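Please keep the sequence and the model at hand while going through the points.

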Amino acid sequence: MKVEFRNVSKVLIYSVIVFPIIWIFIFSLFTNWAFPSIFGFGEFNINIWERLLDSESLLLSGLLLSLIISLITAILSVSLGFATSEVIYKSRYKNTLLLSAYFPYVLSPVVLALLLQVYFVKAGLSGSLIGVIVALFMIVYPYSVLFFVGYWNENLINMKQLVRTLGGNKFSAWTKVVIPVSKPVISLCFFQCFIIAWFEFGLTNLLGVGKVKTLPVQIYMYIQEANPYYAAVASCLMIAPPLFLLFINRRWMSESIKFSPLR
Amino acid sequence: MLKVTNISKNYSGVEVLKNISFDLQVNKTLSILGKSGGGKTTLLKIIAGLLRQDSGEILFDNINISEKAPELRKVVYLYQEPLLFPHLTVRGNLEFPLKLNKTLSKDMIKRKAEEMAEELSIADQLDKHPGQLSGGQSQRVNFGRALLASPRLLLLDEPFGNLDAQTRASMQTFYKKVEEEHQITSIFVTHDLKEALIMGDRYGFLENGKIREYSSLAEMQKDSITGLQNEINFWKELEG
């Protein structure tokens, strides 16, 4: 009875998660939905998917733009966040510094964007790719710092020092021990930073002033235009990279954590 | 010869080490006894170059190493935890210091690591990961890795502190043997009186940031602050 209940609940949970994804995918294969049909999808049509491969496709450029922005933001935030978090972990002002890292979240990213807008316009960053990356970095980087501060511990610091006394310099302490030992945590943080940057809409829309057309910006645009089929295709593209990263992360992390006594 | 002269260190206004001076002959072990928080670790870290002293200097064979980076001092610091690198196997851990030395060939590195594993009786553990080893085995790998770095001085900060009594005793015997074979110069820090006596050729007592040195057990016994006489009396009473 207990096992049956567990199986049923599993099926329910998976259905709740997987069903919307499948539904959106099916929806993306149709066009010309007409009121009042609720379950009818309209005509089967894969034109939008075919147009995706077109070199002038807005969706394809949006996908690439989102990938570039999210990857750069995540790489910068993770690498700088990891190094900064060690300094904060060892600092006597740890609590004050951590409090300032919560600032963008307490304020909310959109409010932060509104506050920054004037400075971005003055600096010529408004509406540019670099501007959007800088803006995203300002919310993803503190997240990365907060994530890693909890990871640093005396064992890791001591290992770093041990490398020095064994004859390694600062660089080899990082590259040969600290980073390899922390790979599972770094990859998990990278995944989460990527997700934050990938799904960010408000901040990107405000500071990108509609010129930087990332996928989330396009989805909102299609919804505003009452174009659900394009929105469905864009949503499928939106979900694909995080799902792929989740799959890699899960498999890779369980393998690498197996032998880590730092777990 | 190691010569430590007038080393002082303050932490937020608290004087942890006060003009510490001592010297240590080559191939000898100085056991430093002291309570937790007495500045033992600080002293070792300063000698290793992991902490900077406020004043004083450290000379090795009359060369001042006080300002040198830790990797240039040839002083290996061993922590209470074995701190084996979890992403590497036992072989990887043993080969680690050898690989930092770019002049050695791959074959040479492999051979040296295998010889050390043989000597430490861990040859059958070479392909295991640190998480699969016992406490004693981990410490053996830790010693092996340190020895392969060819240090001039080995600093041991209560390395057997986390082991059970039986393993601890066997590791003490084991270390004495290795120390003799490899002619190691070392400073052994502990809060365990018996361990300090077993491990050292010379003894020191660190309290309130000051060190007292004793060149023999008799000298140490005379000083009531070390607690050695009390310990001897206790065992005598128990026997009698």
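The points below treat chain A and then chain B of this predicted model.

1. Domains of chain A. Chain A is divided into two parts: domain 1 covers residues 1–45, and domain 2 covers residues 58–257. The centres of domain 1 and domain 2 of chain A, taken over C-alpha atoms, are separated by 31 Å. Ten residues from domain 1 of chain A and eight residues from domain 2 of chain A take part in the contact.

2. A bent helix in chain A. Helix H9 of chain A spans residues 170–199 and has 30 residues. Its end C-alpha atoms are only 36 Å apart, whereas a straight helix would reach 44 Å at 1.5 Å a residue. Where does H9(A) bend? The bend, of about 70°, is at Lys183(A). A proline, Pro184(A), follows within four residues.

3. Two helices in contact in chain A. Two packed helices are described by the angle between their axes and the distance between the axes. For helix H3 (residues 58–90) and helix H11 (residues 215–224) of chain A, the axes come within 8 Å and cross at roughly 145°. H3(A) contributes Leu58(A), Leu59(A), Gly62(A), Leu63(A) and Ser66(A) to the contact. From H11(A) come Leu215(A), Pro216(A), Gln218(A), Met221(A) and Tyr222(A). By class, the contact of H3(A) with H11(A) has seven nonpolar residues, three polar residues and no charged residues.

4. The four-stranded sheet of chain B. In chain B, four strands in the order E2-E1-E4-E5 form an open sheet with antiparallel pairing. Strand E2 (14–24) and strand E5 (63–64) of chain B are the edge strands, each pairing on one side only. Helix H1 (residues 40–48) of chain B packs on this sheet and touches strand E1 (2–11), E2 and E4 of chain B. The direction of H1(B) makes about 60° with that of E2(B).

5. Pairing within that sheet. E1(B) and E2(B) run antiparallel and are joined by seven bridges. Opposite Leu2(B) stands Leu24(B) in E2(B). The hairpin of E1(B) and E2(B) has two residues between the strands, and Ser12(B) takes a positive phi near 45° there. Strand E4 (residues 55–60) of chain B pairs with E5(B) over two bridges, in the antiparallel sense. Here Leu59(B) stands opposite Asn64(B) in E5(B).

6. E6(B) and strand E7 (residues 153–157) of chain B run parallel, joined by four bridges. Tyr77(B) has Leu155(B) in E7(B) as its bridge partner.

7. A loop residue of chain B. Leu88(B) is found in the loop between E6 and helix H3 (90–100) of chain B. Which residues does Leu88(B) touch, not counting residues up to four places away in sequence? They are Asn93(B), Phe96(B), His129(B) and Pro130(B). Leu88(B) and Ser8(B) are 80 residues apart along the chain, and their C-alpha atoms are separated by 38 Å.

Note on methods. Residues numbered from 1 in each chain as written. Chains lettered and ligands numbered in written order. Predicted model: local features only at pLDDT ≥ 70, side-chain atom pairs only at ≥ 80, totals over all residues. Heavy atoms only, no water. Expected span 1.5 Å × (residues − 1). Bend = angle between axes of the 7 residues up to and from the residue. Axes fitted to C-alpha atoms, helices over the stretch in contact; angles between N-to-C directions. Contact = heavy atoms within 4.5 Å. Nonpolar A, V, L, I, M, F, W, Y, C, P; charged D, E, K, R; others polar. Pairing = 2+ DSSP bridges. Domains from an automatic or database assignment.
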